[in-house]
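Subject: Handover of a structure, with notes

Dear colleague,

I am passing on the structure below, and I would be grateful if you could look through it alongside the notes that come after it.

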Amino acid sequence: MTNLGKYLAQRSVNKSEVARRTGLSKARISELTLNTTTRARGEEIYLIALAINVDPCEVLNAVCGHLKLEP
């Protein structure tokens, strides 16, 4: 499961409803939440955040917060 998948699961989000609201396919939502090699586009993260009524920065931090700059 991806960080996005974990985030949505913690919030008990219905992925079918997110797909309907965002216009992303159910297959794409499943890929974004289950396949760790899949990369989400910024537009997708933004639309998902709007669909679940949270600040897009919160979702971005949940998905990419583990990334750090090299010293």
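This is a predicted model: local features need pLDDT of at least 70, side-chain atom pairs count only at pLDDT 80 or more; totals for chains, interfaces and linings use all residues.

Residues are numbered from 1 along each chain as its sequence is written, and side-chain values use heavy atoms, with hydrogens and water left out.

The chain as a whole

The chain has five helices and zero strands, where helices (H or I, at least four residues) and strands (E, at least two) are DSSP runs numbered from the N terminus. Read from the N terminus on, the elements therefore run α-α-α-α-α. The radius of gyration of the chain, taken over C-alpha atoms, is 12 Å, close to the 11 Å that the globule rule gives for 71 residues, so the chain is as compact as a globular protein of that length; the rule itself is 2.2 Å times the number of residues to the power 0.38. Along the principal axes, the C-alpha atoms fill a box of roughly 40 × 25 × 20 Å. Of the 71 residues, 34% count as buried, where buried means under 20% relative accessible area, exposed means over 50%, and partly exposed lies in between (1.4 Å probe, protein chains only). Among the contacts with a separation of 6 or more, 57% come from residues 24 or more positions apart, a contact being heavy atoms within 4.5 Å.

The helix contacts

Two packed helices are described by the angle between their axes and the distance between the axes. Here the axes are lines fitted to C-alpha atoms, for helices over the stretch in contact, and the angles run from 0 to 180 degrees between N-to-C directions. Angles under 35 degrees count as roughly parallel, over 145 as roughly antiparallel, 65 to 115 as roughly perpendicular, and the rest as oblique. A crossing is left-handed if the near helix is turned anticlockwise from the far one by less than a right angle, and right-handed if clockwise. As for residue classes, Ala, Val, Leu, Ile, Met, Phe, Trp, Tyr, Cys and Pro count as nonpolar, Asp, Glu, Lys and Arg as charged, and the others, Gly among them, as polar.

The axes of helix α2 (residues 15–22) and helix α3 (residues 26–34) come within 9 Å and cross at roughly 120°, and α2 and α3 are therefore oblique to each other. Their crossing is right-handed, with Lys15, Ser16, Val18 and Ala19 in α2 meeting Lys26, Ile29 and Thr33 in α3. By class, this contact has three nonpolar, two polar and two charged residues.

Helix α2 also packs against helix α4 (residues 42–51), with axes that come within 9 Å and cross at roughly 110°, which makes α2 roughly perpendicular to α4. This crossing of α2 and α4 is right-handed, and in it Val18, Arg21 and Thr22 of α2 meet Leu47, Ile48 and Ala51 of α4. The residues of this contact divide into four nonpolar, one polar and one charged.

The axes of α4 and helix α5 (residues 56–64) come within 8 Å and cross at roughly 125°, so α4 and α5 are oblique to each other. The crossing is right-handed, and the contact is made by Ile45, Tyr46 and Ala49 of α4 together with Pro56, Val59, Leu60 and Val63 of α5. By class, the contact of α4 with α5 has seven nonpolar, no polar and no charged residues.

Single residues

Most residues other than glycine have a negative phi. Serine 12, in the loop between α1 and α2, has a positive phi of about 55° although it is not a glycine, and serine 12 is exposed, with a relative accessible area of 67%. Asparagine 53, in the loop between α4 and α5, has a positive phi near 60° and counts as exposed at 63% relative accessibility.

Glycine 5, found in helix α1 (residues 3–10), is buried, with a relative accessible area of 6%. Its C-alpha atom is separated by 9.4 Å from that of glutamate 31, 26 residues apart along the chain. Asparagine 61 lies in helix α5 and counts as exposed at 54% relative accessibility.
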